[in-house]
Amino acid sequence: MTQSLKSAPLANPFPPQQAYLAIEQKPADAAEKRRLDSLRRHVQAHTHTTDLRGLAGAVKKLLGTGYEVGCGSAHIWVLRAGETARLAIVADRLTTAYRDWFEPSLGQTPATSRNPHRRLAIPGVPPAAGPS
């Protein structure tokens, strides 16, 4: 008698995510600023989720016409209609670090590995100083 192989189903295929909104361009006017502030409050009220795509409908509704909204499994992007530069992004705080347009740059060189001892050299970028 042969026994069939059984695989354990995944209880939750998506890891937990903590949603946040990064506004990457200065709002064009007071009306856009109000829409983005409203969107930020909505995202902050719904930070814990298993799939950020669930917030995409609310993003579209809160912004209204004049914006293109798209999403992937771990982000929702917002463009002004007819533009190619991203206006804002809803992303997972646990895996990304997008910044608002008014925040200063961190000035860090990009990492090519999570392990600082195994980072690859980036042409044209001096290596970051290690811990002393």
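**Reading the calls in this model**

Me: Which residue takes a positive phi in the hairpin of β4 and β5, and how many residues lie between the strands?
Reply: Gly 82 has a positive phi near 85° there, in a hairpin with five residues between the strands. This is a predicted model: local features need pLDDT of at least 70 and side-chain atom pairs pLDDT 80 or more, while totals for chains, interfaces and linings use all residues. Residues are numbered from 1 along each chain as its sequence is written, and side-chain values use heavy atoms, leaving out hydrogens and water.

Me: How do you know that β4 and β5 pair, and in which sense?
Reply: Two strands pair if DSSP finds at least two bridges between them. β4 and β5 have five bridges, in the antiparallel sense, so by that rule they are a pair. One place to look is Ile 76, whose bridge partner in β5 is Val 90.

Me: What makes β3 and β4 a pair, and how many bridges do they have?
Reply: Six bridges join β3 and β4, again in the antiparallel sense. The two strands form a hairpin with two residues between them, and Gly 72 stands opposite His 75 in β4.

Me: How many bridges does β1 have with β2?
Reply: Two, in the antiparallel sense, with β1 covering residues 17-23. The rule asks for at least two, so this count meets it. Gln 17 stands opposite Thr 49 in β2.

Me: What is the order of the strands in the open sheet?
Reply: The order is β2-β1-β5-β4-β3, with antiparallel pairing. At the edges are β2 (48-49) and β3 (67-72), each pairing on one side only. α1 packs on the sheet and touches β1, β3, β4 (75-80) and β5, its direction making about 165° with that of β1. Helix α2 (residues 56-63) packs there too, touching β3, β4 and β5, at about 170° to the direction of β3. These angles run from 0 to 180 degrees between N-to-C directions, with axes fitted to C-alpha atoms, for helices over the stretch in contact.

Me: How many helices and strands does the protein chain have?
Reply: There are two helices and five strands, running β-α-β-α-β-β-β from the N terminus. Helices are DSSP runs of H or I with at least four residues, strands are runs of E with at least two, and both are numbered from the N terminus.

Me: Why is the link of Asp 100 with Arg 40 called a salt bridge?
Reply: The closest N and O atoms are 3.2 Å apart, and the term asks for a side-chain nitrogen of Lys or Arg within 4 Å of a carboxyl oxygen of Asp or Glu, so the pair qualifies. It links distant parts of the chain: Asp 100 lies in the segment after β5 (86-92) and Arg 40 in helix α1 (residues 30-45), 60 residues apart. By this rule the count comes to six salt bridges.

Me: Is Asp 100 buried or exposed?
Reply: Buried means under 20% relative accessible area, exposed over 50% and partly exposed in between (1.4 Å probe, protein chains only). Asp 100 has 10%, so it is buried.

Me: Which residue does Arg 53 meet in a salt bridge?
Reply: Asp 51, with 2.8 Å from N to O. Asp 51 is buried at 16%, whereas Arg 53 is partly exposed at 36%.

Me: What distance separates the closest N and O atoms of Glu 83 and Arg 80?
Reply: They are 3.6 Å apart, in a salt bridge. Salt bridges that share partners join Glu 32, Arg 80 and Glu 83 into one network. Arg 80 is buried at 13%, and Glu 83 is partly exposed at 33%.

Me: Why is the pair of Trp 101 and Phe 102 called edge-to-face?
Reply: Rings of Phe, Tyr and Trp (its six-membered ring) pair if their centres lie within 6.5 Å; planes under 30 degrees apart count as stacked, over 60 as edge-to-face and the rest as tilted. Here the centres are 5.5 Å apart and the planes stand at 90°, so the pair is edge-to-face. The structure holds one aromatic pair. Trp 101 is partly exposed at 39%, and Phe 102 is exposed at 52%.

Me: Which residues is Arg 35 in contact with, leaving aside its neighbours within four places in sequence?
Reply: Leu 62, Leu 63 and Tyr 67, where contact means heavy atoms within 4.5 Å. Arg 35 is found in helix α1, and it is partly exposed at 26%. Arg 35 and Leu 62 are 27 residues apart in sequence and 6.6 Å apart in space, C-alpha to C-alpha.
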